[in-house]
Amino acid sequence: MPKVARTKRSKVSIYLEEFPNETFRSDGQVLYCQSCDKSVSIDQRGQVIQHINTSKHRGNKDRKLIFQQNFISTSSASTNNPEAAIAIKKTVELIDSKNLQNNLAFISTNFGFLVDTISQLETSKMPLTESLEIVDNAIKQLERVPGEIGVLTNSKLKNVLEKNTGFNTVMSIRDILLNKTPNNNNSEIEYTPKEIMCMKYAPVTSVDVERSFSRYKAMLRPNRRHFTFENFKLYVVSNCFPHEDYDESE
């Protein structure tokens, strides 16, 4: 008889039973190593064994075990102390929960990409088209989150975007810059062609604004006593436009 291909869920279940002493957790689709904080390929059994035998995994596993032992001894002393803070007791109860590790694996698997997404959006002078492409990719990944959590997440995301009318405007401007037909009516965009052209590097986050506040705060600190207007203009150019290209022949 021909071999029947195993599903991901069955493979994950087999590996969890075969390696009970390892720090593996799963949401039914992904085999997640808590010690290394990463997912492990389940295509072949040899790949799982190879991961277990790496020195990095063994070192991470030993450090995690030592941390757990120290934490258990500390938490037991805290819970036995009648004067311990309520917050400590609740924290220990949450950590002792059997569902905590599974929930952390689910969060890391389905929402871990948000860390990189936020870091990418903090990049200065990123074109509007690239910024919104990152946002679109994040929305698509959130739409694939399974279960009730996925439904709640997408419902919240939809409500936030619907209330943000400016987001629809920049999406329409992005489509114009890409020579596409905007989803919204063109009459809703009250910008001239020149103004739309200036939106090429429009930021979608407030990071650059906060950075400018920090620069101005440094320039206008109270201990400056002899700061002429001419020097201030030069100071603004050198601090606010440090990466601008210029023609040395000018």
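To find S35, look in the loop that links β2 (31-33) with β3 (38-40). Leaving aside residues up to four places away in sequence, S35 touches T23, H57, N60, K61 and K64. Take K64 from that list: 29 residues separate S35 and K64 in sequence, yet their C-alpha atoms are 6.5 Å apart in space.

Helix α6 covers residues 113-121 and helix α7 covers residues 128-143. Their axes lie 10 Å apart, and the two helices pack at an angle of about 165°. Since angles over 145 degrees count as roughly antiparallel, α6 is roughly antiparallel to α7. The crossing of the two helices is left-handed.

Which residues make the contact between them? On the α6 side they are F113, T117, Q120 and L121, while α7 brings in S131, I134, V135, A138, Q141 and L142. Sorted by class, this contact has six nonpolar residues and four polar ones, with no charged residues.

Finally, a word on confidence. The average pLDDT of the chain is 79, and 83% of the residues score at least 70. Over residues 245-250, however, the pLDDT is below 50, and this stretch has zero contacts in the model beyond near neighbours in sequence. Where pLDDT is low, the predicted coordinates should not be read in detail.

Note on methods. Residues are numbered from 1 along each chain as its sequence is written. This is a predicted model: local features need pLDDT of at least 70, side-chain atom pairs count only at pLDDT 80 or more; totals for chains, interfaces and linings use all residues. Side-chain values use heavy atoms; hydrogens and water are left out. pLDDT is the predictor's confidence in each residue, from 0 to 100. Contact means heavy atoms within 4.5 Å. Axes are lines fitted to C-alpha atoms, for helices over the stretch in contact, and angles run from 0 to 180 degrees between N-to-C directions. Helices (H or I, at least four residues) and strands (E, at least two) are DSSP runs, numbered from the N terminus. Angles under 35 degrees count as roughly parallel, over 145 as roughly antiparallel, 65 to 115 as roughly perpendicular and the rest as oblique. A crossing is left-handed if the near helix is turned anticlockwise from the far one by less than a right angle, and right-handed if clockwise. Ala, Val, Leu, Ile, Met, Phe, Trp, Tyr, Cys and Pro count as nonpolar, Asp, Glu, Lys and Arg as charged, and the others, Gly among them, as polar.
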